[in-house]
Amino acid sequence: MHAAYPAVVAALLFSIGVYGVLARRNAILVLMSVELMLNAVNLNLVAFDVLWRDRLHGGQVLTLFTIVIAAAEIGLGLAIVLLVFRNRASVEVDRLNALTEEPAGKGDGA
């Protein structure tokens with residue numbers, strides 16, 4: 001296997017992930033795009049680990065570390081998105097300019 005194939009696929013996956021983070025408004029889709037970018041990095045780590053025949057398999061170990069970080073990120077991110085959805089009935093990123101609750105008397109016109 002030539003080293004260019006996984007590098008090109010990883011670059012495409014990373015580019016799609018960057019587009020998703022920058023263009024999407026839904027917080028769930030933004031989290032999925034971040035996961036896509038992390039998987040592109042994982043693909044490169046494993047491909048270059050196999051290519052260079054590292055005795056310690058550092059690329060694969062870093063991939064496991066990245067998977068753990070991604071799982072924690074998704075768990076925490078989904079918890080935040082669910083909390084925001086319960087309070088505001090929307091998960092659009094553009095509308096989230098403040099994460100605090102609005103005061104009760106602010107919208108009354110008083």
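The secondary structure of the protein chain comes to three helices and zero strands, where helices (H or I, at least four residues) and strands (E, at least two) are DSSP runs numbered from the N terminus. The elements run α-α-α from the N terminus on. This is a predicted model, in which local features need pLDDT of at least 70, side-chain atom pairs count only at pLDDT 80 or more, and totals for chains, interfaces and linings use all residues. Residues are numbered from 1 along each chain as its sequence is written, and side-chain values use heavy atoms, with hydrogens and water left out.

**Chain totals**
- Of the 110 residues of the protein chain, 21% count as buried; buried means under 20% relative accessible area, exposed over 50%, and partly exposed in between (1.4 Å probe, protein chains only).
- Among contacts with a separation of 6 or more, 51% join residues 24 or more positions apart, a contact being heavy atoms within 4.5 Å.

**Helices H1 and H2**
- The axes of H1 and H2 come within 8 Å and cross at roughly 165°; axes are lines fitted to C-alpha atoms, for helices over the stretch in contact, and angles run from 0 to 180 degrees between N-to-C directions.
- That angle makes H1 roughly antiparallel to H2, since angles under 35 degrees count as roughly parallel, over 145 as roughly antiparallel, 65 to 115 as roughly perpendicular and the rest as oblique.
- Residues making the contact include Leu 13, Phe 14 and Ile 16 of H1 and Leu 36, Met 37 and Leu 43 of H2.
- By class, the contact of H1 with H2 has 17 nonpolar, four polar and no charged residues; Ala, Val, Leu, Ile, Met, Phe, Trp, Tyr, Cys and Pro count as nonpolar, Asp, Glu, Lys and Arg as charged, and the others, Gly among them, as polar.

**Tyr 19**
- Tyr 19 lies in helix H1 (residues 4–23) and, at 55% relative accessibility, counts as exposed.
- The C-alpha atoms of Tyr 19 and Ser 33 are separated by 8.0 Å, the two residues being 14 residues apart along the chain.

**Helix H3**
- Helix H3 (residues 58–88) has 31 residues and should span 45 Å at 1.5 Å a residue, which agrees with the 44 Å between its end C-alpha atoms; the expected span is 1.5 Å times one less than the number of residues.
- Gly 59, Thr 63, Thr 66, Ala 70, Gly 77, Val 81 and Val 84 are buried in H3.
- The buried residues of H3 pack against helix H2 (27–52).
- Ala 89 follows H3 and has a positive phi, near 60°.
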